[in-house]
Amino acid sequence: MGLRMEALWQWVHGDGSRLLVTSLDALLQRVPPQAVIEASRYELSVGEPFDRLAFERFLQRTGYIEDSVVDDNGEYGIRGELIDIFPAGGEHPVRALLTHGDRIRELRSYDALTQRTQGSLNTISLGPASEAIHRDGQPEGTESAPSPSQSDIARHLFGLYGNLQTAFDALGEVPMIFAAGSEARAKRYLAIIDDARQAERVLRAGTLAEAQSLYLDEKEWQAVRGKVALQELDLRGGEPVPKFFETPRPRRAVAEFIETALAHEQKLVLAGRGDVFDTLRRRAERIGNLRARPVLRWSDVENAPPGSLLTVAGDLEQGFASAADNLVVIGLGDVLGLRSPAGAQALSEPELQLGDAVVHEDHGIGILADLESLQIDGEVQDTARLEYRDGASILVPMKDFGKIWRYGGQPEAVPLDRLHTEAWAKRRQTIARDIALTARHLRRLQKQRQEAKARSFVAPLRDYEQFVSHFPYILTRDQSEAIDAVLTDLASGRQMSRLVCGDVGFGKTEIALRAAAVVALCGAQVAIVAPTTVLARQHFETFERRFARTGIRIAMLSRLVSRKEAARIKAGLADGEIDILVATHAILARDIRFADLALLVIDEEQRLGTRAKQKMNNLSPGLHRLTMSATPIPRTLQAAMVGIQDVSLLNIPPARRRPVRSHLIEADPVAMRTALLREHRRGGQSFVIVPRIEDIDHLAGMLKKIVPELTVRIAHGKLRATALDRVVVDFANGDGNVLLSTNIIENGLDVPRANTILIWNADRFGLSQLHQLRGRVGRGQAQAVAYFLTEAQHQIAEESRLRLSALVEHDRLGAGLSISLQDLDIRGGGDLTGEDQAGHIKAIGISLYQKLLEDAIAAASKRSSSSNGPVSTALGESASIPADYIPDPTLRLNLYARLEKASSVGQIDELAEEFEDRFGELPPQIVTLLRLAKLKTVARNCGIERLEAGPTGLAVGFRTRPKPSLLKVLSRGRDAALHPDRIVFATPTNSGNERIGFFEDLFAPLMMSPPFDKADSHRRR
C-alpha cells in the first residue's frame, strides 16, 4: 500500500517528464481521495527543528509500526536522540541523529540487513504506509480493522473517506499506452471481480452496495477507458540483447558481445550497481581500451559520440539494442538473470528477547523477565532479571551475561527450574558427562571416516564434460561451489558425508546428477533414495533423460514396479548390469545385493527415519554419502551446526524464480472460490491439500459447491499405487483444474502450470511439510500464491501458531534453512548419536547444548575451544550501556551478550563501529566497556581467568599452568614476579583507567589489532 501511495504522490509532484508503469489490476482498484494523498506527507531535513510529537502522530495515523530493529518498509524506532525509519515507499531505511535541542543533525541511509550506514542525505519525504489514513483526533480503533475480505476492506475505506476516486481520476488527463492483449486481460480481471461479488452475495449473503465496491465494474471500466487518450508505443528498431545468463559461458558471451559492439562504433551503455557490476565495467574498459563515463540523463547518452562506453547507476532487468540510434544497452539482469537479494544465511543463534525461555549455566532454565539498572559500587549497571519456578527470581550482573543462553521453544510450555536446589547442578553434571561421551564417540566416528580408505573417484574428463553440457541452465554460484566440494570429496580418498541444504527448486538434483555421473562413469554403482513413489518416479525420469546416450543403465525400485520386474532389477544390481538405482524404502529389502555400490544419495532426508538411514549407510563398506534437503530435520541441522557433518548451502535462487506469496486466513468459501477461479482464468492449475484422508469427501463436496465449473482430481495414499501414479502424472500433464490431495504430493511433484495452493487446516501440518507443499507451486514464471487455511472460530495451539507465522514470515526465496532453524528452535535437535528426537537439547536448550558440544569436541580433538571460561576483572573500573544511549532493553541485552561471547579482538572492533554507526557517538561508558571487552577476550584466549589491580601492583591469574612463551611475552621489560598460578607486576596505579591502559600495553603483542584508541575516542566525542 505504501508503494501505491508513494507512486500517486510522486506522479503529482515529480519534476520534469513523468512516466508511470503500472498494471491493469492496480488500475481497476480505487484509491483514496486526492486531498488525502496530498496531505499525508512528512519531511525531515538536516538542520531543521524536529517536532517529536507531530512526527509520532503522523506515523501512527499513516500505518507505520514501531519496532526495535527497523528493517522493513513501514517500520520505525525512536531511541532518544536517534530515530530509525523505513519509508513505506522507499528503497532503504534512514537513520536520523538529533542534537540535544531536537534539531536534525544528520540523516543517513543504512542497510536493512546489517544495520550499517550506506550514505548521507540532506532531506527525506515520508509517505503513508497504508491507504487507510486516520484523521487527527480519530483513534485507529474507531473503525473495524480490515480483514482479508474484499467487502470488509471496502467498508473500512469508505467509512474513513466517504468516497474513493479511481486511479484514472488521480492520474488526470494523460495519454496512456496499453500493452498488447490488455483488453483480454481486463475482461479476465473484471470477470474475477464480478464473480467475487456474486460469491459474496450467494455464499456469505453480502449486502455491500455496488457504489461502494473497491474495484471498478465492467460499465465503469468501459466509461473511463473511453475517455483516455490512447497512444501506441513505437518499438520498431529496438531489439533485446542476448540472454547471456542462459549461455554455457555467460562471461565470455558478454565479453564477445561488448567487443563486437565497440568495434562497430556503437554507443554502449552498462546499467547496474554493486561489485558484480563494477567487475563488468572494468572488463568492458579493458576490452575497449577506454574509460567508462557515468551519465545521469538520457540526453547525455543521445549526445555521446559513437564508440562511447557509458554507465548508468540503476537496476535494469533487460537491455536492448537500437540500430537507428546506434545504441546498445546491457543490464545486469542480462548477465545474471533475475536473482533474489538474499545472501548467505549463517547457521547462527537467534537473538534474545524479553520473555524468552533462557538457561543460565549456573542456575538452570528460567524466563528472561527484564533488564534492570542497579547501583553497584557507586555506579549504575545493568542486570538481567531471570524468573524461576514458584515466583523466585535472580538478578544476573552484566559481567555474567555470557552465561545466559537462549533455550528455545515456547516460554509457556517450558519447565522452569527451582532456585537454591541441587537439581540443576546434578542434571547439568549428568548431561555434561553424556555430552563428553557423545563428543568422544563423534570424534571417533569422524576420525574413522577420515582414516577410512574410501575409493577415490575422478571421472574421465571428456565423458564428464559431455554429460554436463546437457544441463540447459546456468549454475548459480552456490551450486558451483557445492559441486566443487562434492567432486573434491569423491576424489579425496576419504568417505564423503555431506549435506546439501537448498530450497525447493534451487538445484539440488543437479548436484546429485553430477556426483552420480562421476561414480558411474568410473564403473561403480550409485543408489538414489527418495521417500515417496512420486518423487522416486520423477528422479528416475530425470536420470534416464540426462544419462541417455551415455551407456549408463538406470533402474527404479518402488511399489509401482511389478514383482517380475523387481526380480530382474535385483539380479541386475547383484551382477553389476545396473549402474544407478532410484528407489524408495524398497532398497532395504533383504534380498537386495549390490555388485559395487559406492555412492548413496538420500533426497528429502527429513522424510526418512533414523533407523532406515542407518541401514542404508550400511549397504556397502566405505560408502560415500550425499544427503539433500530443503528443510533438514533438527538432528541433521544440529550435526551441521557443530561441524560433525560437511554442509553446502544453496541460498541463491535460479534465474527468474519468484517467491511464493503466502497468506494465513480463515477458511472462507468466497476467498477459496476467488483464488481457484483466478488461477483457472490465467490458464493454471491449483492444489487443495488436506491433512487426513477422512477430510477428502468433505472438501470434495465443498469444491463441487463453490467451483462447479472446475474439474477436480483426487489423490491419496489409500489408492492403489498404479492408480495414484496415473492421477498424479495425468494432472501434471494438464488433466484437471484442481488436484485435491493429502500431503502425499509434498515431495517431487513438478507441475509447471500449478501456481495456487490451498492448504486446509494448515495448523495440523508440520513446519517442513508446509514449506515443501508450498514448494509445489511457483515452478514457472507466473506469480504463485499459497493460502494456509484455518477453521473459523477455531483456537489454534500455540506451537501451531508459531509454525504458521514462521511460514508467512519466511516467504522469500531460499527460506527453507530459516524454517529449519525455527523448527530446531521449536522442537529441539535430538540426540545426535541415538534415536531420541528430544535428547539433551530439550533439557538444557539449543544454544547451551551447542556450546557445550563444541567445547567437548574440541577437548576430544585436543584442540583449543572457542570458549575457555569467563574472565573476571577487578580493576576499579566498570562500565555499562547507558539507557539514554540505547533505551531498548532487548537491544542492550543482546549487545552485552555479543561482547561477552566475542572470540576475537576483530569482532569487538566491528562492534565498536556498529555502536557508533547505529546509535551515534560513543559515550565514555561505551568506550570503557569496549576496552574491557578486548582485555577479557585476549585474556580468555590465553587461558587467563583473572585480571586484578590495586594501588601498588597488578596481577594476571591463569586458569592452568601457562606456556613459557606466554610468560616471556608478558614479563619482558617489566618488574614481574612469577608464581605457580599468576604473575604479579610491581607497578603503582592511581585509577581504573590507568590499570586498563597498563593491561592494554601488556597484551598489545597478543592482539590481532591495535587496542581501542582512547585518544581517538575522545577526539570523536
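Residues are numbered from 1 along each chain as its sequence is written, and side-chain values use heavy atoms, with hydrogens and water left out. Because the model is predicted, local features need pLDDT of at least 70 and side-chain atom pairs count only at pLDDT 80 or more, while totals for chains, interfaces and linings use all residues.

Q: How many helices and strands does the secondary structure of the chain come to?
A: Helices (H or I, at least four residues) and strands (E, at least two) are DSSP runs, numbered from the N terminus. On that basis the chain comes to 34 helices and 37 strands.

Q: What percentage of the residues in the chain is buried?
A: Buried means under 20% relative accessible area, exposed over 50%, and partly exposed in between (1.4 Å probe, protein chains only). Of the 1021 residues in the chain, the buried ones make up 50%.

Q: What share of the contacts in the chain with a separation of 6 or more comes from residues 24 or more positions apart?
A: A contact means heavy atoms within 4.5 Å. Among contacts with a separation of 6 or more, residues 24 or more positions apart account for 72%.

Q: Which strands stand at the edges of the open sheet of 6 strands?
A: Two strands pair if DSSP finds at least two bridges between them. With parallel pairing, the order is S27-S32-S31-S28-S30-S29. Each edge strand has a single partner strand, so one side of each is left without a neighbour in the sheet; the two are S27 (661-666) and S29 (712-715).

Q: Which residue in S32 does Glu 666 stand opposite?
A: S27 and strand S32 (residues 785-790) run parallel and are joined by 6 bridges. In S32, the residue opposite Glu 666 is Thr 790.

Q: At about what angle to S30 does helix H22 run?
A: Axes are lines fitted to C-alpha atoms, for helices over the stretch in contact, and angles run from 0 to 180 degrees between N-to-C directions. Helix H22 (residues 696-706) lies across S28 (685-689), S29 and S30 (738-741). The angle between H22 and S30 is about 155°.

Q: Is Asp 668 buried or exposed?
A: Asp 668 is placed in the loop between S27 and helix H21 (669-681). A polar atom of the Asp 668 side chain lies 3.0 Å from the backbone nitrogen of Ala 671. Since its relative accessibility is 17%, Asp 668 counts as buried.

Q: Which strands stand at the edges of the open sheet of 7 strands?
A: The order is S22-S23-S21-S24-S25-S20-S26, with parallel pairing. Each edge strand has a single partner, so one side of each lacks a neighbour in the sheet; these strands are S22 (554-557) and S26 (646-650).

Q: Which residue in S25 is the bridge partner of Ser 497?
A: Strand S20 (residues 497-502) and strand S25 (residues 624-629) pair in the parallel sense over 5 bridges. The partner of Ser 497 in S25 is Arg 625.

Q: Which residue in the hairpin of S3 and S4 takes a positive phi?
A: Strand S3 (residues 75-79) and S4 run antiparallel and are joined by 4 bridges. Arg 79 has Leu 82 as its bridge partner in S4. The hairpin has 2 residues between the strands, and the residue with a positive phi, near 65°, is Gly 80.

Q: How far apart are the end C-alpha atoms of helix H30?
A: The expected span of a helix is 1.5 Å times one less than its number of residues. The 15 residues of H30 (residues 905-919) should therefore span 21 Å, which agrees with the distance between its end C-alpha atoms, 21 Å.

Q: Which residue follows H30?
A: Among the buried residues in H30 are Val 905, Ile 908, Leu 911 and Phe 919. The residue after H30 has a positive phi, near 105°, and is Gly 920.

Q: To how many disulfides does the count come?
A: A disulfide is a pair of cysteine sulfur atoms within 2.5 Å. Cys 501 counts as buried at 4% relative accessibility, whereas Cys 942 is partly exposed at 23%. The count of disulfides comes to 0.

Methods:
Polar contact = N/O pair within 3.5 Å; in protein donor to acceptor, adjacent residues only side chain to side chain.
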